[in-house]
Amino acid sequence: MWIIYAMLGTLFGGINAVLAKVGVKEVNSHLATALRTVVIVIFSWVIVFAFGSHTGIADISGHTWIFLVASGLATGASWLCYLYALKYGTVSNVTPLKKSSTVLTIILAFLILQEPFGLPQIAGMLFIIAGTIFMLKKKDGSLSKGEGGANWLLFGLMAAFFASMRTIFGSIGIADVDANLGNAIRVVVVLLASWGIVFLTGNQKGITNISKKGLLFLTLSGLATGGNWLFFFRALQTGPVSVIVPIDKLSVIFNIIFAWVFLREKQSIKRIVGLACLIIGTLILVMLST
């Protein structure tokens, strides 16, 4: 079942980037992160109470709390960097970059979780690295330093790093707790951290300037993220990190397709070759590692 859960998470993750790109277009990235998190918190806790998972809060150990909080902080950092990168870079550039977190996650899963690391993992990682490089096209992003656009590449890499840490901490944190409850607790941490940053930077004043369209797409993006998390962490509870993470990264296929259809982002032969490398690398990790 964990493979099915992972694939469902991929489907929701596929549409998320396009929704977030439209929603963050005229909104400060910090504020956009905080607003999306409100939606995800509501979504997550509705699921928790619907399944009766809230009764397990009292049984959570101190060790689990530490890793859930750490995972939540890493998630918040990843989102902040990701939405900043999306604001100034294209979906077709930023999403493959973020998906490259698979490489670091596999290495950390081997070092920390003692998961297998052999020829399948190495071959898959090499294809993913090659695919990411092929898909990057610097001219697709804003290069105006005044707009912060020249930093989208750096923030995309930072988003990938924190996403990897989120997965490792999350895998440890939900080992002894219901996946829905663990996920909901993590999101509360993200909520507190993201709104803390918003108020520290004074960006809360921008709420009144958000258009109905922007608010709608940020809400939809939050719901898509909630769906992605729901199935992703359910899969992590019973399946291997080194296989589930690559499956989740297949959402880049949907990212590229939706970006081409809805955002009219041009796709070159080089980028298509890069996407093929990403898919091949993922399939190697999934098929040869199971």
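Predicted model: local features only at pLDDT ≥ 70, side-chain atom pairs only at ≥ 80, totals over all residues.
I began with H3, whose 27 residues reach 40 Å from the first C-alpha to the last, close to the 39 Å expected at 1.5 Å a residue. That expected span is 1.5 Å times one less than the number of residues. Helices here are DSSP runs of H or I, at least four residues long, numbered from the N terminus. H3 is mostly covered, with 19 of its 27 residues buried; buried means under 20% relative accessible area, exposed over 50% and partly exposed in between, with a 1.4 Å probe and protein chains only.

Residues are numbered from 1 along each chain as its sequence is written, and side-chain values use heavy atoms, with hydrogens and water left out.

**Aromatic rings**

Next I searched the whole structure for aromatic pairs and got 11. The rule takes rings of Phe, Tyr and Trp (its six-membered ring) with centres within 6.5 Å; planes under 30 degrees apart are stacked, over 60 edge-to-face, and the rest tilted. I looked at Trp 45 and Phe 49: their ring centres are 6.1 Å apart and their planes at 45 degrees, so this pair is tilted. Both sit in helix H2 (residues 29–50), four residues apart, which separates them by about one helical turn. A handy reminder: an α-helix has 3.6 residues a turn, so residues three or four places apart point the same way.

Phe 67 and Phe 169 gave me another tilted pair, at 6.1 Å centre to centre and 50 degrees between the planes. Phe 67 belongs to helix H3 (residues 62–88) and Phe 169 to helix H7 (residues 152–173), so the pair ties together parts 102 residues apart in sequence. I also checked the cover of Phe 169, which is partly exposed at 22% relative accessible area. Tyr 5, Phe 12 and Phe 231 turned up as one aromatic cluster.

**Charges over rings**

Here I asked for NZ of Lys or CZ of Arg within 6 Å of a ring centre and within 35 degrees of the ring normal. Arg 36 lies over the face of Trp 79, 5.1 Å from the ring centre. Lys 98 does likewise over Tyr 82, at 5.0 Å.

**Pocket and cavities**

I used a 1 Å grid over the protein atoms alone: a cavity is a set of points where a 1.4 Å probe fits but cannot get out, a pocket is an open set with protein on both sides within 12 Å along at least five of seven lines, and lining residues have an atom within 4 Å of a point. The largest pocket holds about 270 Å³ of space. Its lining counts 13 residues, with Lys 21, Val 22, Lys 25, Glu 26 and Lys 213 nearest the centre. Helix H1 (2–23) and helix H9 (212–238) each give two or more residues to that lining, and H1 has the largest share, three residues.

For cavities of 30 Å³ or more, my count came to three. The largest has about 220 Å³ of space, and of its 17 lining residues the closest to the centre are Asn 16, Tyr 82, Lys 98, Lys 99 and Asn 228. Among the elements that give it two or more residues are H1, H3 and helix H4 (91–99). The second largest cavity has about 40 Å³, and Lys 99 is one of its lining residues too, along with others including Ile 128 and Leu 278.

Note on methods:
Points joined across faces, edges and corners; volume = space filled by probe spheres on them.
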